[in-house]
Amino acid sequence: MEKRKSKKRKIYYGYLVVGLLLEILFLITAILVKKDFFAGINDSVHNFVLNTFLSETSDQAFKVITFFGSTAFILPLSMCLIVYFFCKKKYGKSFSTALVIGASTAFSIVMKLIIKEPRPAYMPTGLETSYAFPSGHTMCAVTFYMYLI
């Protein structure tokens, strides 16, 4: 029994270290974005994607892939997990699920307000009104799927 707890603890600490390293990498990226290190890369990537991958088929494929990272998918799935864990009397997992998703969302909002990276000029107005970086749905999706692992 003690051996099993020790193994779980090592796995937990491994995830914690990986999470902290990813946060450090994210913060470094955020600083570089704030200092305009990536100026012009958005346009280059946008033009590359338009010239290389633009087609009806790829557009539909990317819409499907993007849906699995969208708030419309992640939020209800998170709520189902929270309720499931709660009903199974696994209150710690229920709480940690809510905490992880909530903290990820809050962190994304705070970082957007600090960095204030405007959306690219070629983006249609009205679709998104918040700042461009960090991507809220990407951050939430990565957090959620990493949490599931």
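Reader: Why is Lys93 called partly exposed?

Author: Lys93 has 43% relative accessibility. Buried means under 20% relative accessible area, exposed over 50%, and partly exposed lies in between (1.4 Å probe, protein chains only). So Lys93 counts as partly exposed. This is a predicted model: local features need pLDDT of at least 70, side-chain atom pairs count only at pLDDT 80 or more, and totals for chains, interfaces and linings use all residues. Residues are numbered from 1 along each chain as its sequence is written, and side-chain values use heavy atoms, without hydrogens and water.

Reader: Where is Lys93 found?

Author: Lys93 sits in helix α5, residues 91-115. A helix here is a DSSP run (H or I, at least four residues), numbered from the N terminus.

Reader: What makes Ala98 partly exposed?

Author: Its relative accessible area is 36%.

Reader: Why is Glu117 called buried?

Author: Glu117 has a relative accessible area of 18%. This is under the limit for buried, so the word applies. Glu117 is in the loop between α5 and α6 (136-148). Glu117 and Ser130 are 13 residues apart in sequence, with 9.2 Å from C-alpha to C-alpha.

Reader: Which helix has the lowest mean pLDDT, and which the highest?

Author: pLDDT is the predictor's confidence in each residue, from 0 to 100. Among the elements of the protein chain, helix α2 (residues 41-53) has the lowest mean, 73. Helix α4 (residues 71-87) has the highest, 88.

Technical notes. Helix = DSSP H or I, 4+ residues; strand = E, 2+ residues; numbered from the N terminus.
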